[in-house]
Amino acid sequence: MKKWLNPGLWITLLITVAIGIWPIITQEAAKREVIFTVLMAIVFASSLNILLGYTGYVSFGHVVFFGLGGYVGMYLIKEYEASIWLAALAGGIAAGLLAFLLGKAILKLRGAYFALVTIGVNEAMRAFVNNFQPFGGPIGLELNFKVYKPYGGPADALWMVYYATFALAILVAVLSYAVKQSKFGLSLMAIREDEDAAEVMGVVPHNAKTWAFILSAILPGVVGVLFFFKNGNIEPAGAFRLHYSIENLVMVMLGGQGTVLGPVLGAFGYQRLRGFLVTNPIFKNIQLSIAGGLLLLIVLFIPAGAVGWLRNRFPRLRRVLS
Amino acid sequence: MTMLLQVEGITKRFGGLQALTKVTFDLPEGQILGLIGPNGAGKTTLFNVINGIYAADEGRVHFRNKNVTGYKPYEMARQGLARTHQIVRPLNELTVRENVMAGACFGRENHGLGEATKIANEVLAFVKLDGKADQLASSLNVAQKKRLEMARALAARPYLLLLDEVLAGLNPSEIASMVEIVKNIREQGVTIIMIEHVMKAVMNVSDRIIVLDYGQQIAEGTPQEIANDPKVIEAYLGDPKLAEKLMEED
Ligand SMILES: Nc1ncnc2c1ncn2[C@@H]1O[C@H](COP(=O)(O)OP(=O)(O)OP(=O)(O)O)[C@@H](O)[C@H]1O
Ligand SMILES: [Mg+2]
């Protein structure tokens, strides 16, 4: 198949691998932690991009899938001593199921209405979990140290989670590319450009949008399990942090919505910037304001994001940047 | 003659506005039906009812001997209906070829991307847009966007094609080339309903014409009959001599 030889895919994979392999070579735990955040953001941002960039629907509350996935996984690990792999799978399924149920209800809304309702969904889920005793209510769930034993103890478990997240980042790049090159992807982009015209051509908008929503929810759910497993505990305030959604939105916009490479570059660039800001005494308290300001600047001046801008400025690059 | 489309007593109201009143006609396979009338007469609304964008308040639509009343636009597309929009609706950030592929992919024949690419290239050559295939749709001028609308609709290989003012805003040479395209489409056996204000063209290509005025069907007949109908002259054409001028061949 010719399309699998496309440099658009390989450049994205190469950059993802280059980012992820660095701490493996140096075997430094500190670097691993930094890059773990980047890889997690790549998974989250690229997933969000399927909805935001390909389909044109803005989901502010996307972190709800991360949080719910995390909770379901942690619950299974804590109460049933499930393996991390089973828990991660269950977290992904739970997130996908929530997207499916929500999709039927809220994907009829367009534009700002949809975006607002997604915030409401996240807040409602946080309030629900806060009062849901099996998930520990406001206190949340804490793992006992012994759950890391089967993976060779906490130190090895951290490396294992890192490898798993790295694998997910590679998977999400392939998935983004495969969706974009498919007939399904074409239907999403047609919806983004003009939903009514797409329907006149025969696209079934509610089916296509629901599938896009489900696809964009699953991997954030999986990565939620990995993140909280590594953390050792989960609580409502940490699981449903609205600003994490918004930061991921900034990453997608920064790198280039609707492109395969964009969210990868955006996640890397934004996390590096964030890392600099939070360690800098002057900026550390206004780090989120800077994210907001950055979003404003992107929307005003380079709405297509870095990769989009390059593609528009140098049409020849269209063949290599996908 | 087999009837491709039967429209029976279609009535559509927008609040207090009576946009269509009991519109009724049969369309045999292979014909071109012209739909004319003053601005706001309800022509586009009739298209919107036929292709399922609006549900009619009264009446029925049969398409290929099937009752399709209340079908959604995507269901009508799958039945073999395609249309162009009066105000063009290109998928701006996609290439011209991708726009046309979308027409082929999701319509009646439900093609995969490979086959759709082939069809898109053929259709683009047919409407003479093949030179622009790899550009973004947003980069086209108005005349080219009209041809893109046409190409996208044709790529679905429809049984019935609804054309909403494809000649509006074109210069005389562009009109001539578009009229050629319409005639060629008919040669391929596609049935067409054409809304048009450019009288000369519509008189020239239509087998039959229906005139709408304030949602009422005030006349129906051959171009010759319509051009000489006193009601049509009063409501729409204005100048009685205009009719004769329109009917002359250049
Ligand atoms: N969605 C809508 N809501 C309310 N009124 C509408 C709607 N669509 C059309 N109308 C009204 O219905 C009437 C018929 O409109 P329509 O667009 O069908 O006219 P038309 O014959 O296509 O005119 P034109 O030649 O200007 O395109 C007009 O008075 C219009 O304002
Ligand atoms: Mg109209």
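Q: At what angle do helix H7 and helix H9 of chain A pack, and how are they oriented to each other?
A: In this predicted model, helix H7 (residues 183-193) of chain A packs against helix H9 (residues 205-231) of chain A with their axes 10 Å apart. The angle at which they pack is about 105 degrees. Since angles of 65 to 115 degrees count as roughly perpendicular, H7(A) and H9(A) are therefore roughly perpendicular to each other.

Q: Which residues of H7(A) make the contact with H9(A)?
A: The residues of this contact divide into eight nonpolar, one polar and one charged. On the side of H9(A) the contact is made by Pro205(A), Ala208(A), Lys209(A), Trp211(A), Ala212(A) and Leu215(A). On the side of H7(A) it is made by Phe184(A), Ser187(A), Leu188(A) and Ile191(A).

Q: In chain B, which residue of S5(B) is the bridge partner of Phe63(B)?
A: Strand S4 (residues 58-63) of chain B runs antiparallel to strand S1 (residues 3-14) of chain B, to which five bridges join it, and there Phe63(B) is the bridge partner of Leu5(B). Two bridges also join S4(B) to the antiparallel strand S5 (residues 66-67) of chain B, and these two strands form a hairpin with two residues between them. In S5(B), the partner of Phe63(B) is Lys66(B).

Terms used: Residues numbered from 1 in each chain as written. Chains lettered and ligands numbered in written order. Predicted model: local features only at pLDDT ≥ 70, side-chain atom pairs only at ≥ 80, totals over all residues. Heavy atoms only, no water. Pairing = 2+ DSSP bridges. Helix = DSSP H or I, 4+ residues; strand = E, 2+ residues; numbered from the N terminus. Axes fitted to C-alpha atoms, helices over the stretch in contact; angles between N-to-C directions. Parallel < 35°, antiparallel > 145°, perpendicular 65-115°, else oblique. Contact = heavy atoms within 4.5 Å. Nonpolar A, V, L, I, M, F, W, Y, C, P; charged D, E, K, R; others polar.
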